[in-house]
Amino acid sequence: MTVRKSLPIIMLLALLLALGSALAQDDQPAEEGGGEAETGEAEAGPAADAPPAEGIAPDSFPQLLNLNLEWVNSDICRLIEELRRTDQPQEKRELVEQIEYLVYKHVEYPLVFKQAELSDSLDFERIGTTSDVVDAGSANPLAPLVAEAFALYGIAKGYEGYAAAANDQIARAKKIYPQVESLTIKIDNFEDRKTIKTWLSDTMGNWASTNAVRVTIHGKNVLQKAVDDLNGGNVAVAAPEGGVPEYYLLVAERDFLRGMQRYIVTDDQLTGRRPNEFFLYLPPGTYKLKMDTTERIPVELTVDADPDNNHYIIESLEEGLTCYPRPKVKQTKKKEKKKKKKQEEESSVLDDEF
Amino acid sequence: MKRSVWIIGLLLPVLILGIATADWQAYKEMFMAGQYETLAQQCDATEAEISADPGNYIIYKYCGLAKLKLYEQKRSATDLTDAIDYLERSIAFSYSEEAAFHLGQARMMSLDQLTEGENQDERELAAINEMWESIRNLHAMENFNREVLSDGMLIWTRDYRDLLIERILKDEDNPARLHLLTAKVRMLADRYERVDPTKGESEVRQSNLRIFKDWMDELMRMSYFDNDIVVGMYKYKADRHMEKYNQTAETEDQFTKALHGYGEALKRAKTNLARAALYTDIAYLCSLYNSEDKEKLVAYYKTGFNHAHQGLLILKQIKENEQNTGEEFPYPPDMTELTSKVQKAYGSNLTGLCYFHYLRKDYRSAVAMRNFAFDTGFDWDGKVTTLLLIADAADKLASEHHRVPKMFRTYKQVCLFASSRAFKTVLKNHNGRIPQNSEEFCRVYNNYINYLRRFGETIEARNLELQFGAVCPQE
């Protein structure tokens with residue numbers, strides 16, 4: 001067959017290819033209009049219909065993530081700056097919630113949870129960040145920025161009046177990047193940068209005066225529908241004994257709702273690597289937790305001064321949710337085992353010495 | 001035959017490609033051509049076809065944008081609701097920054113139409129976050145390291161800034177929300193800190209970048225003004241209106257808006273420094289006013305003069321209490337600059353006022369301004385003119401009252417004092433030296449000499465004549 005004769009066949013193949021590509025463009029037509037400026041006015045608008053990351057080399061991802069995190073931290077600083085300018089708890093709440101939103105959206109979810117989910121199902125070549133950050137400590141280039149975000153969140157919680165939450169976040173940050181306190185931040189825009197350590201030492205005195213203790217809620221067999229049904233109107237935390245500031249109860253309600261929606265791994269998305277717990281902070285005492293608007297008796301939470309005794313499990317029960325204390329049996333066994341091991345080690349050391 | 005196969009082979013792919021992309025392209029082209037009304041009608045009429053189109057999210061986006069444009073033109077609530085609906089549908093199918101940004105914008109616009117109990121706070125926050133996330137994404141795509149930003153980014157940040165300011169002014173009684181909005185304003189201004197306008201690709205771009213950078217620097221400073229974001233944003237907004245006022249009748253609404261903005265800020269200001277700055281702004285703005293309506297002109301000069309006077313009094317008070325640091329805020333205005341601006345505005349308004357009193361032959365009012373002209377320890381451009389106008393008005397009043405000795409004496413003194421001040425000022429302007437060929441100097445000198453002679457002060461007149469007569473021959 002000569003080239004001349006085979007040309008129509010080639011053309012036909014080209015035609016089929018073109019048809020295929022046209023159909024593909026139908027599926028993703030946004031790529032057609034890439035790079036055009038438009039806002040509907042005569043003035044130029046942002047690049048519309050453009051593929052999101054066009055023109056960004058794959059190896060620039062870590063840098064973009066790096067810069068994105070820099071901006072996240074800068075934004076959190078602006079929120080803390082305003083947090084410092086008010087004494088009213090109610091006014092602080094909205095700022096803290098915005099910080100929580102930023103930390104979740106730009107740090108926890110994309111870099112930890114999402115990657116954990118991906119790495120469970122695929123041997124996904126990760127961007128070199130993600131849950132590794134938590135695992136690998138300061139070896140990861142993003143670790144200082146992620147740790148800074150958590151430390152800033154801690155500072156914000158401290159200003160809100162939750163010393164325990166502040167300390168927890170700082171400890172979390174230190175796990176990721178042990179030298180986190182030496183990082184400098186610019187919280188008040190009109191002032192010079194200061195180290196995180198300075199901010200902590202300046203404010204720790206005030207935080208220590210608050211008495212809220214950590215309560216850990218672990219998820220177990222939680223159905224997505226049960227989470228979807230929760231809203232601001234049907235979650236309530238009450239202190240029947242009284243004496244607890246209204247604000248603590250309000251924050252506990254908000255934290256509970258946020259925790260259920262963001263942190264609890266429901267049956268639909270179960271993964272072994274993703275954290276499946278969240279925290280509430282309440283002063284020691286007894287509380288009633290209601291998670292629906294039915295006549296069902298509220299769950300009772302007893303908050304001990306020792307946070308290790310405040311572990312609860314939340315679980316789907318029929319169409320609703322229930323919450324109960326985590327059994328301590330395993331813990332005691334573990335503790336006994338540890339004790340035995342320690343004793344054995346000590347005796348072996350003694351044997352060696354003699 | 002072979003040729004026809006060739007031609008068909010070449011044309012078919014082109015045709016197929018054309019058909020596959022024609023649908024949303026047509027909507028886009030209509031939008032780009034500004035045919036919002038036609039586009040909106042087509043969107044409503046072909047809903048079923050659109051939903052079946054694989055590029056429906058792009059079509060929905062343009063339908064939404066067109067409806068939003070129509071809302072901006074006609075302010076019809078239906079258009080706004082439709083715009084939100086179309087943009088929501090677009091995002092539901094595929095997220096795009098442009099659709100998300102405008103959805104946030106539309107939702108912000110719809111806030112005022114909500115009745116109480118419709119979670120206005122939550123909706124406002126969601127809309128703000130929607131817009132901000134779009135800007136962040138676009139910023140990330142442009143690469144955070146870039147020191148110049150695209151025009152699109154500039155437009156979005158401008159629109160976002162304006163909506164934030166609007167919400168700040170509306171949420172004045174909601175302190176919790178104000179703190180959040182303040183932080184949002186600073187987040188936006190922060191993005192421009194690293195922008196280097198000199199790196200713009202052309203002179204136009206450089207100029208645009210410079211303007212935006214200046215606006216954002218100012219926005220950052222104003223977010224601290226008087227330690228009250230509401231005061232700061234009223235001032236910031238008024239400053240932008242003043243920028244747009246070019247002393248023509250066409251831009252008079254900008255003058256009115258600026259004056260209103262400064263006035264609202266002044267009502268709320270708590271620190272003396274903020275008050276001084278706002279009094280100065282009002283005085284300066286009024287001194288710029290230009291109109292064929294003389295009554296309005298005089299009224300604004302009067303307003304400007306009164307505010308400048310108040311501003312000067314407060315500045316004096318601040319200087320006297322320099323040790324009192326209880327009334328500070330970050331990025332305070334430069335005191336030297338502020339003083340010089342208020343002095344300029346004071347003089348300018350005073351000159352304008354005297355001039356119009358004089359023109360209307362209201363000599364008493366012109367003379368009544370004398371202390372404001374005599375007591376200042378500073379000069380301004382029209383000071384000599386003002387003093388001469390007062391002197392002339394006083395001269396005329398003296399003539400009128402030649403039968404009432406007491407009044408005659410008073411007006412004579414005013415006339416001689418004002419003309420003497422004018423003469424000393426003009427002499428000072430020439431560093432005390434006798435100027436050669438200075439028309440202004442000779443005009444003032446001749447006026448002064450004439451008044452001296454007219455009121456019988458011949459010895460003084462003679463003395464001056466001996467000193468300056470050779471330079472300025474008598475007219």
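**Reading the helices and loops of chain B**

Tutor: Let's start in a loop: B:Lys361 sits in the one between α15 (335-359) and α16 (363-368) of chain B. Helices here are DSSP runs of H or I with at least four residues, strands are E runs of at least two, and both are numbered from the N terminus. This is a predicted model, in which local features need pLDDT of at least 70 and side-chain atom pairs count only at pLDDT 80 or more, while totals for chains, interfaces and linings use all residues. Residues are numbered from 1 along each chain as its sequence is written, and chains are lettered from A and ligands numbered from 1 in the order in which they are written.

Student: What is the phi of B:Lys361?

Tutor: Most residues other than glycine have a negative phi. B:Lys361 is not a glycine, yet its phi is positive, about 60 degrees.

Student: Is B:Lys361 buried or exposed?

Tutor: We count other C-beta atoms, placed from the backbone, within 10 Å of the residue's own: 20 or more is buried, 12 or fewer exposed, and in between partly exposed. B:Lys361 has 11 such neighbours, so B:Lys361 is exposed.

Student: Which residue lies in the loop between α4 and α5 of chain B?

Tutor: B:Arg75 does. B:Arg75 also has a positive phi of about 60 degrees without being a glycine, and with 10 other C-beta atoms within 10 Å, B:Arg75 is exposed.

Student: How do I describe the packing of α4(B) and α5(B)?

Tutor: Two packed helices are described by the angle between their axes and the distance between the axes. Axes are lines fitted to C-alpha atoms over the stretch in contact, with angles running from 0 to 180 degrees between N-to-C directions. In chain B, the axes of α4 (residues 56-74) and α5 (residues 77-93) come within 7 Å and cross at roughly 160 degrees. The two helices are therefore roughly antiparallel (under 35 degrees is roughly parallel, over 145 roughly antiparallel, 65 to 115 roughly perpendicular, the rest oblique).

Student: Which residues make the contact?

Tutor: Contact means C-beta atoms, placed from the backbone, within 7 Å. Among them are B:Tyr60, B:Leu68 and B:Tyr71 of α4(B), and B:Leu80, B:Tyr86 and B:Phe93 of α5(B).

Student: How many helices and strands does chain B have?

Tutor: Chain B has 21 helices and zero strands. Its C-alpha trace spans about 115 × 60 × 45 Å along the principal axes, and 42% of its 475 residues are buried.

Key:
Two residues are in contact if their C-beta atoms, placed from the backbone, lie within 7 Å.
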